Amino acid sequence: MAAEFALCAPTRLETAAVRRGLPAGTTSATLLRTGMGRRHAERAAHLLAHTGRPPSGVLVTGVAGALDPGLAPGDVVVATEVRAGERVVACPSAPLLAARLARIGLTVRTGPVVSRDHLVSGAARTPLRDSGALAVDLESGWLAAGLPASTATACVRVVADPATGALWRPVTLAHLRTAARTLTTVAPALADWGAATGARTVLLPHPRSFCAGVERAIDIVERVLVQRGAPVYVRKQIVHNSHVVARLEGLGAVFVEELAEVPAGATVVFSAHGVSPAVRDEAAARGLGVVDATCPLVAKVHSEARRFADRGDTVLFIGHDGHEETQGTVGERPGSTVLVEDLAGAARVRVPDPGRVSYLVQTTLGVEEVAEIVGVLHDRFPALQGPASDDICYATTNRQHALRSVARQADLVLVVGSRNSSNANRLVELARRLGTPAHLVDDPGGIDLAWLPDAATVAVTAGASTPASLVDATVDALRGLGPVDVREHVATTEDIEFTLPKEVRNP
């Protein structure tokens with residue numbers, strides 16, 4: 001789906017620096033020297049807007065003056081928006097460009113870039129810095145404001161002079177040379193951005209993002225913080241999502257790996273993944289105030305583990321070694337529970353009495369993967385018994401079912417979730433089994449521009465630990481590459497709510 005796009009740089013020096021860095025064979029890019037200043041930028045916008053075949057995207061690049069004192073010559077600013085007078089043009093694809101540039105070792109900042117119709121130096125930059133802008137130039141905002149609203153727009157500027165000091169001084173020429181070298185370095189990323197521009201369809205399977213157990217766990221931590229004040233300690237990540245953890249840390253939550261890190265007598269929250277009886281005993285021995293955020297569906301599996309083992313069964317727990325849910329469930333009856341991780345494990349596992357064996361399942365596994373493992377176990381142990389209802393939680397099953405309904409229609413599947421999220425990883429595996437390229441991204445910055453040129457239809461979903469806002473941000477980033485037709489696909493609806501523990505309920 002590669003289309004023509006335009007790279008715009010003001011001066012001969014900047015244009016030459018970009019041209020030197022463009023990969024050989026870059027045929028879909030028009031490199032346009034616009035001229036310096038507002039008048040030339042507005043004329044270039046008019047030319048691009050009224051050409052016979054308007055470009056799929058326009059990226060304005062070149063050097064700029066720093067407004068933030070933390071920026072040095074050669075640093076790169078990727079605009080989240082460009083401003084010119086009262087006009088503001090958003091650049092939603094900034095996270096994709098910034099991540100691409102950061103991966104090649106450049107110092108990259110994202111934020112607003114402001115354009116003025118005259119050079120700004122010294123103390124005159126202070127009001128612009130106070131507006132929140134990172135850098136100032138003479139063209140970007142004026143050019144972007146003159147383009148049709150449907151045009152994908154981006155701005156990448158390399159700092160040529162720092163925020164403090166006079167603009168014209170002996171070191172200025174050295175700073176310009178540094179900036180020019182960086183422009184050459186960034187050019188391949190600019191070409192990647194352009195190759196990814198164009199109209200596309202985004203499929204949004206529903207349900208996606210937070211489940212009831214995750215919402216409950218986060219709500220518990222927030223309520224404890226309000227009721228008892230910070231700090232509140234949380235053993236392990238409350239849910240497996242880095243953005244959720246970072247937000248709660250900002251509110252005063254302190255995440256620890258083990259209870260030994262919690263001061264005696266302090267409050268500790270157990271994560272949604274559950275803990276073993278040994279952890280509960282340790283908390284009691286140290287006088288910790290415990291609030292249990294274990295998902296009720298995980299607690300159900302713990303109860304089944306106790307019941308099966310106590311009636312004399314060997315319990316085969318299908319799960320991933322090292323996952324908190326596995327550690328907690330196996331820890332219920334460690335002498336009677338054997339971990340089975342995959343088909344190979346199912347084929348070789350041994351039990352003392354084949355007539356007394358049962359199985360349980362980690363709640364976040366893939367439905368098809370578990371069915372295959374259970375099939376092998378049934379063949380080996382005909383007396384095998386399982387839980388009365390599926391251990392894989394409704395949210396995991398529903399999100400897999402929803403993705404299955406759209407994955408084959410997509411050229412690419414993006415699963416938004418953190419690397420340690422089991423259910424998010426299972427969604428990636430499901431899409432790949434269905435024959436569609438799929439990637440796990442923590443946020444829009446995890447998207448590689450190289451995935452997108454041939455992806456006219458992209459399915460975007462999220463694991464049960466992922467905030468819906470991150471899915472929205474991902475769609476917005478794709479929208480920054482061109483017009484997006486968003487299509488919701490509702491596979492099922494969810495209306496489950498779990499009761500909060502009595503310690504945090506409102507009076």
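Visitor: By class, how many nonpolar, polar and charged residues does the lining of the largest pocket have?
Guide: This is a predicted model, in which local features need pLDDT of at least 70 and side-chain atom pairs count only at pLDDT 80 or more, while totals for chains, interfaces and linings use all residues. Residues are numbered from 1 along each chain as its sequence is written, and side-chain values use heavy atoms, with hydrogens and water left out. On a 1 Å grid over the protein atoms alone, a pocket is an open set of points with protein on both sides within 12 Å along at least five of seven lines, and lining residues have an atom within 4 Å of a point. Counting Ala, Val, Leu, Ile, Met, Phe, Trp, Tyr, Cys and Pro as nonpolar, Asp, Glu, Lys and Arg as charged, and the others, Gly among them, as polar, this lining has 13 nonpolar, four polar and seven charged residues.

Visitor: Which residues lie nearest the centre of the largest pocket?
Guide: The volume, taken as the space filled by probe spheres set on grid points joined across faces, edges and corners, is about 460 Å³ for the largest pocket. Two or more lining residues come from each of α1 (12–21), β3 (57–66), β7 (135–137), β8 (152–161) and α6 (172–196), where helices (H or I, at least four residues) and strands (E, at least two) are DSSP runs numbered from the N terminus. Of the 24 residues in the lining, those nearest the centre are M36, V63, L119, L138 and L176.

Visitor: Which residues are closest to the centre of the largest cavity?
Guide: A cavity is a set of grid points where a 1.4 Å probe fits but cannot get out, and a search of the whole structure finds one of 30 Å³ or more. Its lining has nine nonpolar, eleven polar and one charged residues, with at least two supplied by each of α7 (212–228), α10 (296–310) and α15 (422–433). The largest cavity holds about 220 Å³ of space, and of its 21 lining residues the closest to the centre are V214, H273, T363, T364 and N423.

Visitor: Is E325 buried or exposed?
Guide: E325, listed by the unreviewed UniProt entry for "active site", lies in helix α11 (residues 324–330). Contact means heavy atoms within 4.5 Å, and beyond four places in sequence E325 touches H273, V298, V361, Q362, T363 and T364. Residues under 20% relative accessible area are buried, over 50% exposed and in between partly exposed (1.4 Å probe, protein chains only); because its relative accessible area is 1%, E325 is buried.

Visitor: With which side chain does the side chain of S422 make a polar contact?
Guide: S422 is found in helix α15 and, at 6% relative accessibility, counts as buried. Not counting residues up to four places away, S422 touches H320, H323, Q362, T364 and L365. A polar contact is a pair of N or O atoms within 3.5 Å, of which, within protein, one must be able to donate a hydrogen and the other to accept it, residues adjacent in sequence counting only if both atoms are side-chain atoms. At 3.0 Å, the partner of the S422 side chain is that of T364.

Conventions: UniProt positions are given in the numbering used here, feature names are shortened, and annotations may be inferred rather than shown by experiment.
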